[in-house]
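Please prepare a short briefing on the structure shown below.

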Amino acid sequence: MSTPLLPQSADGSDEKAWLKILAKYRTPHTGRSTFELLITAVPFVVFWMLAWLAVHYGFWWGLILIVPAAAFLLRLFMIQHDCGHGSFFARRRFDDWTGRVLGVLTLTPYDYWRKAHAAHHASAGNLDERGVGDITTLTVGEYNARSRWGRIRYRLYRHPLVMFGIGPAWLFLFQQRLPVGMMRDGVLPWMSTMATNVAVAAIAALMIWAIGLGSFLLTHLPIVLLAAAVGIWLFYVQHQFEETHWSKEPEWRFPKAALHGASHYDLPLILRWLTGNIGIHHVHHLSSRIPYYRLPEVLRDHPELGDIGRITLWQSLRCVKLVLWDDRSRRLVSFREAARITGAA
């Protein structure tokens, strides 16, 4: 039986009530988790090998297999993501070591990423705590206060070719090779990053020795870059939608920011499966210990949650132009709309 959505209150008590309701979904099933790992890792290896064989024997049409290989690599990242939240096996040692191994495949140092992502969850939607593990977003006032060069830099950063092309390549191939910004977080992020780098280099060297540099790059690099681009797109659209929620202290409250500051990206069934149900992002932010395979169960039992922050695949394409937060209308706006707002002020 579904629980009716409580009327919104000024103190956010409705969102707090959902925290209690969702607690029962936080228990993973070890057998299901193991099965999810296998049905993701095995197809990834199979599609990777088939794509390499296509390259090796000159069947260039076979490079289309890079697409499903990238999709399953993305799904492995979603499992790594759940491990970072301690929700995949719900046993910290199993989750951590599964995440570290997967981090070698996804080029994402697990302990470094886990700390940055935890900061994102703790501060999402807080205008006073931007800049860690999220997409840089300026307010209209902050953008107008920048120098001409500062505004140009921000426009370049938010351009789709940079955000979803150059940006993912830079992040996964280069930026994540050093735990920049975590000098004060102890030795673990550094150890994780360096160990991941060494493991990536060793596996790459072994693969290059076995199949040759050209074959390795023509197979693996497009898979990684495609998976990275889609991953960044998902992360982007889950928070960069028009009716998202941002606020400053002391107004900011975690439950409200989690439920209303993240979208319900209502994808077709096959895309929902391949992306590990990460589109049910508002529920995930409200209760990050729920395993990804139980998120649909939440919407099934509580369909009223499905309408909160819901955007379709088609609607999500329009989110690319939303680049600035307007404090007065309390929504994301485009550069053009921000210019009209400034001119009318």
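The notes below are grouped by topic. The model is predicted. Among its features are a contact between helices α9 and α10 and an open sheet of 3 strands.

**Helix packing**

- Two packed helices are described by the angle between their axes and the distance between the axes.
- For helix α9 (residues 188-211) and helix α10 (residues 213-237), the angle is about 120° and the axes lie 7 Å apart.
- On the α9 side, the contact is made by Ala 204, Met 207, Ile 208 and Ile 211.
- Leu 213, Ser 215 and Phe 216 make the contact on the α10 side.
- Sorted by class, the contact comprises 6 nonpolar residues, 1 polar residue and no charged residues.

**Strand pairing**

- The open sheet has the strand order β1-β4-β5, with mixed pairing.
- β1 (138-139) and β5 (331-333) are the edge strands; each has a single partner strand, so one side of each has no neighbour in the sheet.
- Strand β4 (residues 324-326) runs parallel to β1, and 2 bridges join them.
- Leu 138 has Leu 324 in β4 as its bridge partner.

**Cysteines**

- The structure contains 0 disulfides.
- Cys 83 has a relative accessibility of 0% and therefore counts as buried.
- Cys 319 has a relative accessible area of 5%; because buried means under 20%, Cys 319 is buried as well.

Definitions and conventions: Residues are numbered from 1 along each chain as its sequence is written. This is a predicted model: local features need pLDDT of at least 70, side-chain atom pairs count only at pLDDT 80 or more; totals for chains, interfaces and linings use all residues. Side-chain values use heavy atoms; hydrogens and water are left out. Axes are lines fitted to C-alpha atoms, for helices over the stretch in contact, and angles run from 0 to 180 degrees between N-to-C directions. Helices (H or I, at least four residues) and strands (E, at least two) are DSSP runs, numbered from the N terminus. Contact means heavy atoms within 4.5 Å. Ala, Val, Leu, Ile, Met, Phe, Trp, Tyr, Cys and Pro count as nonpolar, Asp, Glu, Lys and Arg as charged, and the others, Gly among them, as polar. A disulfide is a pair of cysteine sulfur atoms within 2.5 Å. Buried means under 20% relative accessible area, exposed over 50%, partly exposed in between (1.4 Å probe, protein chains only). Two strands pair if DSSP finds at least two bridges between them.
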